Amino acid sequence: MEGHEEILEEKRRTLKRRSSEEGLIMTLKERFVFAEQFQECIEAIKRGEAWEKEIQVNTATGEEWHSFAARKTKDPVTGKEAILVNEIDISRRKKLEESNEQKDAFLNMVSHEIRTPINGIIGFNSLLEETNLDREQRECCKRIARSSKLLLSQVNDLLDVVNISTGTLPLVSC
């Protein structure tokens, strides 16, 4: 945690050097990746409203995602008007969300791709069962049917898990 404390202290020193409102606004402007978001923020502050959004910001290491909130306030010490900014780095959370979305999309695609050949096996096995088979062949067809239906059930369960995690599973009332 020592490294984080040093970074926070450096940010505090930077803000102290830029004590005027104009200096702080330039600091904010430099952080925004998209100019329209900066403009939205400034307009909300001028109207006396709070502005909160998850946005991409420029940092020394590149672009990151931050939860950003800004509002007008009075400095408790001087009583002067000031801008209070709360900024939290949410880059790791955003990366995890993106990774989860990619995983869900992959599982969804793979599940659908696996279901097609399984349904083909079930269908052709049903056709095979309707032909003249000896006892051993019929027993093999029954094993194929049981195994393929079990596998299809497991793939469908996997699809349900993906749909639950993405919020797309249709709920049925009993």
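Biologist: Is Ala70 buried or exposed?
Modeller: The model is predicted: local features need pLDDT of at least 70, side-chain atom pairs count only at pLDDT 80 or more, and totals for chains, interfaces and linings use all residues. Residues are numbered from 1 along each chain as its sequence is written, and side-chain values use heavy atoms, leaving out hydrogens and water. Buried means under 20% relative accessible area, exposed over 50%, and partly exposed in between (1.4 Å probe, protein chains only). With a relative accessible area of 2%, Ala70 is therefore buried.

Biologist: How far is Ala70 from Ile83, C-alpha to C-alpha?
Modeller: Ala70 is found in strand E2. Along the chain, Ala70 and Ile83 are 13 residues apart. Their C-alpha atoms are separated by 6.7 Å.

Biologist: In what order do the elements of the chain run from the N terminus on?
Modeller: Helices (H or I, at least four residues) and strands (E, at least two) are DSSP runs, numbered from the N terminus. The chain has five helices and three strands. Their order is α-α-α-β-β-β-α-α.

Biologist: What part of the 174 residues in the chain do buried residues make up?
Modeller: Ala70 is one of the buried residues, and both Trp51 and Phe68 are buried. For the chain of 174 residues, the buried part is 22%.

Biologist: How many aromatic pairs does the structure hold, one or several?
Modeller: Rings of Phe, Tyr and Trp (its six-membered ring) pair if their centres lie within 6.5 Å; planes under 30 degrees apart count as stacked, over 60 as edge-to-face and the rest as tilted. The number of such pairs in the structure is one.

Biologist: Are the rings of Trp51 and Phe68 stacked or edge-to-face?
Modeller: The ring centres of Trp51 and Phe68 are 6.0 Å apart. Trp51 lies in strand E1 (residues 51–59) and Phe68 in strand E2 (residues 62–74), so the pair links parts that are 17 residues apart in sequence. Since the ring planes stand at 70°, the pair is edge-to-face.

Biologist: How many salt bridges does a search of the whole structure find?
Modeller: A salt bridge is a side-chain nitrogen of Lys or Arg within 4 Å of a carboxyl oxygen of Asp or Glu. Among them is the bridge between Lys53 and Glu40. The number found in the whole structure is seven.

Biologist: What is the N to O distance between Lys53 and Glu40?
Modeller: Lys53 is partly exposed at 33%, and Glu40 is partly exposed at 33%. Their side chains meet in a salt bridge. Lys53 lies in strand E1 and Glu40 in helix H3 (residues 35–46), so this pair ties together parts 13 residues apart in sequence. The distance from N to O is 2.8 Å.

Biologist: Which residue forms a salt bridge with Arg93, the closest N and O atoms being 2.6 Å apart?
Modeller: The bridge at 2.6 Å joins Arg93 to Glu54. Arg93 lies in helix H4 (residues 91–129) and Glu54 in strand E1, so the two tie together parts that are 39 residues apart in sequence. Arg93 is partly exposed at 35%. The partner, partly exposed at 34%, is Glu54.

Biologist: Which residues do salt bridges that share partners join into one network?
Modeller: Glu97 and Arg93 meet in a salt bridge of 3.0 Å, N to O. Both lie in helix H4, four residues apart, about one turn of the helix. The network joined through shared partners holds Glu54, Arg93, Lys94 and Glu97.

Biologist: How far apart in space are His112 and Leu159, C-alpha to C-alpha?
Modeller: His112 lies in helix H4 and counts as partly exposed at 39% relative accessibility. In sequence, His112 and Leu159 are 47 residues apart. In space, C-alpha to C-alpha, the distance is 8.2 Å.

Biologist: What separates the C-alpha atoms of Glu139 and Glu129?
Modeller: Glu139 is in helix H5 and is partly exposed at 31% relative accessibility. Glu129 is 10 residues apart from Glu139 along the chain. The C-alpha separation is 9.8 Å.
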